Amino acid sequence: MGKVLAAALVGIAAALAAERLLAFRNRLNATREVDPVALPNCRLIKGIETGSEDIDILPNGLAFISSGLKYPGLKSFAPDKPGEIFLMDLNEKKPKASELRISRGFDLGSFNPHGISTYIDKDDTVYLFVVNHPHQKSTVELFKFMEDDNSLVHLKTIRHDLLTSVNDVVAVGPDSFYATNDHYFSDFILMFLEMYLGLTWSNVVYYSPKEVKEVAAGFYSANGINISPDKKYIYIADIFDHNVHVMEKHADWNLTHVKTLQLDTLADNLSVDPDTGDIWTGCHPNGMKLFYDDPDNPPASEVPFGRCLWAICVLESAIVQTILVLRIQNILAEQPTVTRVYAENGSVLQGTSVATVYDGKLLIGTVFHRALYCEL
């Protein structure tokens, strides 16, 4: 009788493990392939070789690019090289990327930049918020941009018990922001277990010097975050649930759910066109390729196109990572328009994480690879 019971328990455990594995593969879109969508006027950006994970463009056309992310479980072409922030002036005929100098006193050796966001104060001061992972911890670094000499002055490092595994931020003041925690745990093994079991413990936190609080929860992995041009709505990409959430922002900074747009890809960072309100996102069509390195099958990229929410969806992987850029229009409509703007099999870019537009120009960034400049 004991042997029968033991065999039954083993069988149940095996069935549960198989079910979890299948669910995990489905969340990663492990079998998905994408058909290519080409853009005619694109070129790789010189000088960016080790990632361009997030991009934020000022109204005057200056684009900030975070580079050099080292993240547990993901590939890095320069694991011992500190991260960098690049600047591009998109008003130039042939814009180039140049590294921004960072003021003394900041620990450049452990600089590991992730998501970024800019804020322009009433006196036109430009603040740059950078998610940083020094020694695999999570902080948010606040810089002031000095345009005269193309440099960043470090103002402060923000740490808090609620900022445990920060992925992205959107600034809502000179020292306040919303941040996504993409996992509940910060330890890599526990993070993987969290993903494998399908735990919805990821959240969004509001931070200011006076108040820090959780404002949204129940995500598989809250990733990219951004704000509508009228500042009324916050957009959140849940990368492992293949969707974008629209949340209404209230005077007390709390968020309430408005709607969810379901996609067929893993949406990463979100960018918002300030003129049209369209959302652009970099997506991972096949997330399995992000974690398994296979030079013969790199992760592709995908980007949607249209007057709506533009989303670039890319899956970063060690298998040939397909690239996908999406544009989502009229996100608040009953049926938003989602357009694939750019897609390829990883021969040009690997692991696309962001796409953003300015004056007919499109920038496409990646988690650990290169960056692409296109004229639409």
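Biologist: Where does valine 325 lie?
Modeller: Valine 325 lies in strand 23, residues 321–329. Strands here are DSSP runs (E, at least two residues; helices are H or I, at least four), numbered from the N terminus.

Biologist: And is valine 325 buried or exposed?
Modeller: Valine 325 counts as buried because its relative accessibility is 0%. Buried means under 20% relative accessible area, exposed means over 50%, and partly exposed is in between, with a 1.4 Å probe and protein chains only.

Biologist: What separates valine 325 from threonine 281?
Modeller: Along the chain they are 44 residues apart, and their C-alpha atoms are separated by 6.1 Å.

Biologist: Before we go on, what kind of model am I looking at?
Modeller: This is a predicted model: local features need pLDDT of at least 70, side-chain atom pairs count only at pLDDT 80 or more, and totals for chains, interfaces and linings use all residues. Residues are numbered from 1 along each chain as its sequence is written, and side-chain values use heavy atoms, with hydrogens and water left out.

Biologist: What is the mean pLDDT of the chain?
Modeller: The mean is 87, and 81% of the residues reach 70 or more. pLDDT is the predictor's confidence in each residue, on a scale from 0 to 100.

Biologist: Where does pLDDT stay under 50?
Modeller: That happens over residues 305–320, for which the model has 171 contacts beyond four places in sequence. A contact means heavy atoms within 4.5 Å. Where pLDDT is low, the predicted coordinates should not be read in detail.

Biologist: Good to know. Where does UniProt place the feature "active site"?
Modeller: The UniProt record, an unreviewed entry, places "active site" at His114. UniProt positions are given in the numbering used here, feature names are shortened, and annotations may be inferred rather than shown by experiment.

Biologist: Which strand holds histidine 114, and is histidine 114 buried or exposed?
Modeller: Histidine 114 lies in strand 7, residues 113–120. Histidine 114 is buried, with a relative accessible area of 3%.

Biologist: Which residues is histidine 114 in contact with?
Modeller: Leaving aside neighbours within four places in sequence, the contacts of histidine 114 include Glu53, Asp54, Ser66, Tyr71, His133 and Asp182. Asp54 has a record of its own: the unreviewed UniProt entry places "binding site" there.

Biologist: So where is aspartate 54 found?
Modeller: Aspartate 54 is found in strand 2, residues 54–57. Aspartate 54 is buried, at 3% relative accessible area. Not counting residues up to four places away in sequence, aspartate 54 touches a set of residues including Phe64, His114, Asp168, Asn269 and Val354.

Biologist: What order do the strands have in the open sheet of four strands?
Modeller: The order is 2-3-4-5, with antiparallel pairing. Strand 2 and strand 5 (97–99) are the edge strands, as each pairs on one side only. On average, neighbouring strands of this sheet are turned by 25° against each other, direction ignored. For that angle, axes are lines fitted to C-alpha atoms (for helices over the stretch in contact), and angles run from 0 to 180 degrees between N-to-C directions.

Biologist: How many bridges join strand 3 to strand 4?
Modeller: Six bridges join strand 3 (residues 62–67) to strand 4, and the two run antiparallel. Two strands count as paired if DSSP finds at least two bridges between them. Phenylalanine 64 stands opposite leucine 87 in strand 4, and the bridge partner of leucine 87 in strand 5 is serine 98.

Biologist: Why is strand 4 largely enclosed by the rest of the structure?
Modeller: Five of its six residues are buried, so strand 4 is largely enclosed.

Biologist: Changing topic, how many disulfides does a search of the whole structure find?
Modeller: The search finds one. Cysteine 42 and cysteine 374 form the disulfide, with their sulfur atoms 2.1 Å apart; the cut-off is a pair of cysteine sulfur atoms within 2.5 Å. The pair links distant parts of the chain, 332 residues apart, with cysteine 42 in strand 1 (residues 42–44) and cysteine 374 in strand 27 (residues 372–375).

Biologist: Why is the disulfide right-handed?
Modeller: The torsion about the S-S bond of cysteine 42 and cysteine 374 is about 110°, so the disulfide is right-handed.

Biologist: And are those cysteines buried or exposed?
Modeller: Cysteine 42 counts as partly exposed at 28% relative accessibility, whereas cysteine 374 counts as buried at 0%.
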